[in-house]
Amino acid sequence: QKVHTTKVINNNLDPEWADETCALGVSPDGTGELVISVYDSDGPLTKGDFLGQVVVPASELLEPKEPVTTLDLVAKEGLSKKALKLVQGQLTIKIAPAVAGDVMPPPPSTPAILTDGKTKSGAEDAGLGPGLGPVEPVEP
């Protein structure tokens, strides 16, 4: 289920979303995962080219090893050979587990916040047009 879509940053092959945050409910037992998909923007009427995704285990959202981490974009299942050539780059995310007093989704979930995303897409090497985004954090 899609839970957030970032704004599109046009004409930028190394965009930063410093003002974007996304609060998520996470199971207290740490099961599940957060999938963040990255697309090239081809305009408002089309989804754009899939550039890759990162998969973050829920346990990492509850107790991150590092508050800021850079992950390689990977392919999702079922991509054509042509689409696989577009999968490259990295996504840097900041994970901030919620603290007492934060306004978050209701229990039984334990919330975490995804913020300050930055991609290094390699889009220029793939010959893609101007503009990257949106980045779509989704839960399966």
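Me: Why does Gln53 count as buried?

Reply: In this predicted model, Gln53 has a relative accessibility of 12%. Buried means under 20% relative accessible area, so Gln53 counts as buried. Its place is in strand 3.

Me: Which residues does Gln53 touch, leaving out those up to four places away in sequence?

Reply: Gln53 touches Val35, Ile36 and Ser37, and also Asp72, Leu73, Val74, Ala75 and Lys76.

Me: What makes Val54 buried or exposed?

Reply: The relative accessible area of Val54 is 2%. The cut-off for buried is under 20%, and therefore Val54 is buried. Val54 is found in strand 3, which covers residues 50–57.

Me: Which residues does Val54 touch, not counting residues up to four places away in sequence?

Reply: Val54 touches Leu34, Val35, Ile36, Leu71, Asp72, Leu73 and Leu91.

Me: Which residues of the largest nonpolar core touch the most other members?

Reply: The core has 16 residues, and those touching the most other members are Leu34, Ile36, Val56, Leu61, Leu91 and Ile93. At least two residues of this core come from each of strand 1 (16–26), strand 2 (33–40), strand 3, helix 1 (58–62) and strand 5 (90–97).

Me: How do you know that Glu20 has no salt bridge?

Reply: The nearest side chain of opposite charge to Glu20 is that of Lys7, 5.2 Å away. A salt bridge requires a distance within 4 Å, so Glu20, although buried, has none. Glu20 is found in strand 1.

Me: What does the side chain of Glu20 reach at 3.1 Å?

Reply: The side chain of Glu20 reaches the backbone nitrogen of Lys7 at that distance of 3.1 Å. A polar contact needs N or O atoms within 3.5 Å, and 3.1 Å meets that distance limit.

Me: How many aromatic pairs are there, and why is the pair of Tyr39 and Phe50 called edge-to-face?

Reply: The count comes to one aromatic pair. Tyr39 and Phe50 are 5.6 Å apart centre to centre, with 70° between the planes. Ring centres within 6.5 Å make a pair, and planes over 60 degrees apart count as edge-to-face; the pair is therefore edge-to-face.

Me: Which parts does this pair tie together?

Reply: Tyr39 lies in strand 2 and Phe50 in strand 3, so the pair ties together parts that are eleven residues apart in sequence. Both Tyr39 and Phe50 are buried.

Note on methods:
Residues numbered from 1 in each chain as written. Predicted model: local features only at pLDDT ≥ 70, side-chain atom pairs only at ≥ 80, totals over all residues. Heavy atoms only, no water. Helix = DSSP H or I, 4+ residues; strand = E, 2+ residues; numbered from the N terminus. Buried < 20%, exposed > 50% of the residue type's maximum accessible area, 1.4 Å probe, protein only. Contact = heavy atoms within 4.5 Å. Core = buried A, V, L, I, M, F, W, Y, C linked by side-chain atoms within 4.5 Å. Lys, Arg positive; Asp, Glu negative; His and termini not counted. Polar contact = N/O pair within 3.5 Å; in protein donor to acceptor, adjacent residues only side chain to side chain. Phe/Tyr/Trp six-rings, centres within 6.5 Å; stacked < 30°, edge-to-face > 60°.
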